[in-house]
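Here is a short report for a reader meeting this structure for the first time. Please look over the sequence and the model before reading on.

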Amino acid sequence: MGNFIVVYGKSGSGKSTSLEHFGADEILLINVMGKLLPFRNRFKYVVNGGDVGQIVNQMTLAVNNGIKTIVLDDVGYIQTQMFMSRHRNMKGNQSFELYNDIADTMWNLINLCRKFPNDVNVYFLFHEDTNDFGTTQIKTIGKLLDSKVCIEGMATIVLRCMSKDGEHFIRTVTDGSDLTKAPRGMFDADEVPNDLKMVDDKIRDFYGTQIEQEVKK
């Protein structure tokens with residue numbers, strides 16, 4: 001079973017920046033918004049855009065060709081693009097169908113990742129939001145994803161990108177006001193450097209899924 005991992009945070013909290021230390025051919029980057037990366041390093045395997053069919057095909061192809069780490073940057077915008085492209089033409093019960101389609105898309109995408117081999121780590125990078133109870137959580141569209149699917153509940157590891165005094169870091173445990181979580185002993189501290197490569201290594205060390213073979217060219 002592939003390892004589905006959630007990383008969330010405010011805009012500008014360092015989510016994309018955390019990718020900087022991955023090698024050029026080490027990951028498949030799904031750049032949903034096709035935006036420029038906030039560092040000079042570039043990756044060999046990149047998919048720009050939020051077309052779900054293309055994303056599914058390229059993720060499957062990458063795993064079949066030996067890629068062990070996949071990052072979906074700004075994955076929440078898949079939902080946004082579906083909503084913005086269709087909501088104006090919706091009437092009555094059609095609106096419910098749109099929200100159902102959005103929820104089904106995310107559910108199916110996550111479950112695809114869970115079917116990958118157990119040494120494949122897939123990171124979903126989300127923006128964060130605060131609900132009516134004051135809890136900071138991942139930003140979704142529609143109550144169905146929050147109340148029925150509960151995306152963070154499908155992941156064992158949920159990490160929060162944060163900033164303090166101009167420095168980015170990753171929070172590994174909850175402070176009581178969010179949904180951050182990780183297995184006990186996986187990380188050495190409650191706050192670790194904003195380095196998803198280091199995080200990936202820690203996760204692989206914990207589960208014994210270290211990468212031993214080179215990625216196929």
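Helices (H or I, at least four residues) and strands (E, at least two) are DSSP runs, numbered from the N terminus.

## About the model

This is a predicted model, in which local features need pLDDT of at least 70, side-chain atom pairs count only at pLDDT 80 or more, and totals for chains, interfaces and linings use all residues. Residues are numbered from 1 along each chain as its sequence is written, and side-chain values use heavy atoms, with hydrogens and water left out.

## Salt bridges

A salt bridge is a side-chain nitrogen of Lys or Arg within 4 Å of a carboxyl oxygen of Asp or Glu. The structure has 9 of them. One joins Glu26 and Lys197, with N and O 2.5 Å apart. Glu26 sits in the loop between β1 (3-9) and β2 (28-31), and Lys197 sits in helix α5 (residues 196-207), so the pair ties together parts 171 residues apart in sequence. Glu26 is partly exposed, at 22% relative accessibility. (Buried means under 20% relative accessible area, exposed over 50%, and partly exposed in between, with a 1.4 Å probe and protein chains only.)

Lys68 pairs with Asp119, and their closest N and O atoms are 3.0 Å apart. This pair also links distant parts of the chain: Lys68 is in the loop between α1 (52-64) and β4 (69-73), Asp119 in the loop between α3 (94-114) and β5 (121-130), 51 residues apart.

Arg204 and Asp200 form a salt bridge at 2.9 Å, N to O. Both lie in helix α5, 4 residues apart, or about one turn of the helix.

## Nonpolar cores

In soluble globular proteins, nonpolar side chains tend to be buried together. A nonpolar core here is a set of buried Ala, Val, Leu, Ile, Met, Phe, Trp, Tyr and Cys residues joined through side-chain atoms within 4.5 Å. The largest has 38 residues, and Met59, Ile70, Leu72, Phe124 and Ile151 have the most contacts inside it. Elements giving two or more residues to this core are β1, β2, α1, β4, α2, α3, β5 and α4 (143-149). Helix α3 supplies the largest share, 8 residues. Apart from this core lies another, of 23 residues, among them Phe39, Tyr123, Ile157 and Met186.

What does Ile70 touch, leaving aside its neighbours within four places in sequence? Ile70 is in contact (heavy atoms within 4.5 Å) with Leu28, Ile30, Met59, Val63, Phe116, Asn121, Val122 and Tyr123.

In helix α2 (residues 76-86), the buried residues include Gly76, Ile78, Gln79, Met82 and Phe83. They cover an arc of only 160° around the axis, so they fall on the same side of α2. The arc is that of the directions from the helix axis to the C-beta atoms. Met84 and Ser85 are exposed, on the face turned away from the buried side.

Asn31 belongs to strand β2. At 3% relative accessibility, Asn31 is buried. Not counting residues up to four places away in sequence, Asn31 touches Val46, Val47, Asn48, Gly49 and Asp73.

## Cysteines

How many disulfides does the structure hold? There are 0 (a disulfide is a pair of cysteine sulfur atoms within 2.5 Å). For Cys113, the nearest cysteine sulfur is that of Cys150, 17 Å away. Cys113 is buried, at 0% relative accessible area. Cys150 is partly exposed, at 28% relative accessibility.
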